[in-house]
Amino acid sequence: MAESSTTIETPLVDGLSNAEQWLTDNSDLFIQYGVNIISALVILFIGNLIVKAVANSVSKVLQKKKMDRAVVEFIHGLVRYLLFVIVLIAALGRLGVQTASVVAVIGAAGLAIGLALQGSLSNFAAGVLIVAFRPFKSGDYVEIGGVAGSVDSIQILQTILTTPDNKMVVVPNGSVIGSPITNYSRHATRRIDLMIGVFTVLIFRRLKNY
């Protein structure tokens with residue numbers, strides 16, 4: 001019985017010994033990977049804080065220049081996305097990933113996504129045109145492609161309107177640029193045409209005499 005127990009325990013002891021030896025031999029590698037992972041997480045955390053701070057600073061500078069709120073929000077989102085991509089590439093580089101390969105992959109993926117999402121890219125380009133030419137600003141009452149409402153915000157891909165009956169309407173920026181835009185708030189005064197029939201005037205005069 002003792003010999004059988006020794007025979008069973010010997011492979012287990014050998015396996016544990018081999019595992020311990022393997023961990024000892026690769027301890028430096030584990031430490032290096034652990035440090036790289038922790039460093040990458042720190043880069044993501046601190047980088048995200050820096051991205052938010054920079055984007056908020058840009059927004060404050062634009063607000064001091066009295067730029068429209070919708071334009072400020074558009075630029076804020078654009079700056080934040082671009083800077084976060086840079087932080088993400090830096091974190092991947094800390095993990096040992098070749099950043100040149102990452103940039104190439106992002107470029108190839110961007111081309112493929114761009115071909116698949118041509119409508120979204122056109123909406124993005126249209127959003128840039130809206131911000132540049134400013135046919136309306138936040139708070140203006142406009143009519144775009146048969147939809148009327150107050151401009152709530154101009155985002156990267158769409159413009160948000162609020163109708164008089166308090167409904168939210170999302171209009172793609174491509175449709176905004178491709179449709180006639182009627183801005184009722186651009187001028188301080190405007191003419192209103194009212195059609196009043198003669199019979200209506202007579203009734204009004206009779207009611208006024210009572």
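Which residues does Phe-136 touch, not counting residues up to four places away in sequence?

1. Phe-136 touches Ile-130, Val-142, Ile-144, Val-151, Ile-154, Thr-159, Val-176, Ile-181, Asn-183 and Arg-186, where contact means heavy atoms within 4.5 Å. A word on the basis: this is a predicted model, with local features needing pLDDT of at least 70 and side-chain atom pairs counting only at pLDDT 80 or more, while totals for chains, interfaces and linings use all residues. Residues are numbered from 1 along each chain as its sequence is written, and side-chain values use heavy atoms, leaving out hydrogens and water.

2. Now for the rings: a search of the whole structure finds one aromatic pair. Tyr-141 and Tyr-184 have ring centres 5.7 Å apart and planes at 50°, so the pair is tilted (centres within 6.5 Å; under 30 degrees is stacked, over 60 edge-to-face, the rest tilted).

3. Tyr-141 counts as partly exposed because its relative accessibility is 28%. Tyr-184 is partly exposed too, at 28% relative accessibility.

Definitions and conventions. Rings of Phe, Tyr and Trp (its six-membered ring) pair if their centres lie within 6.5 Å; planes under 30 degrees apart count as stacked, over 60 as edge-to-face and the rest as tilted. Buried means under 20% relative accessible area, exposed over 50%, partly exposed in between (1.4 Å probe, protein chains only).
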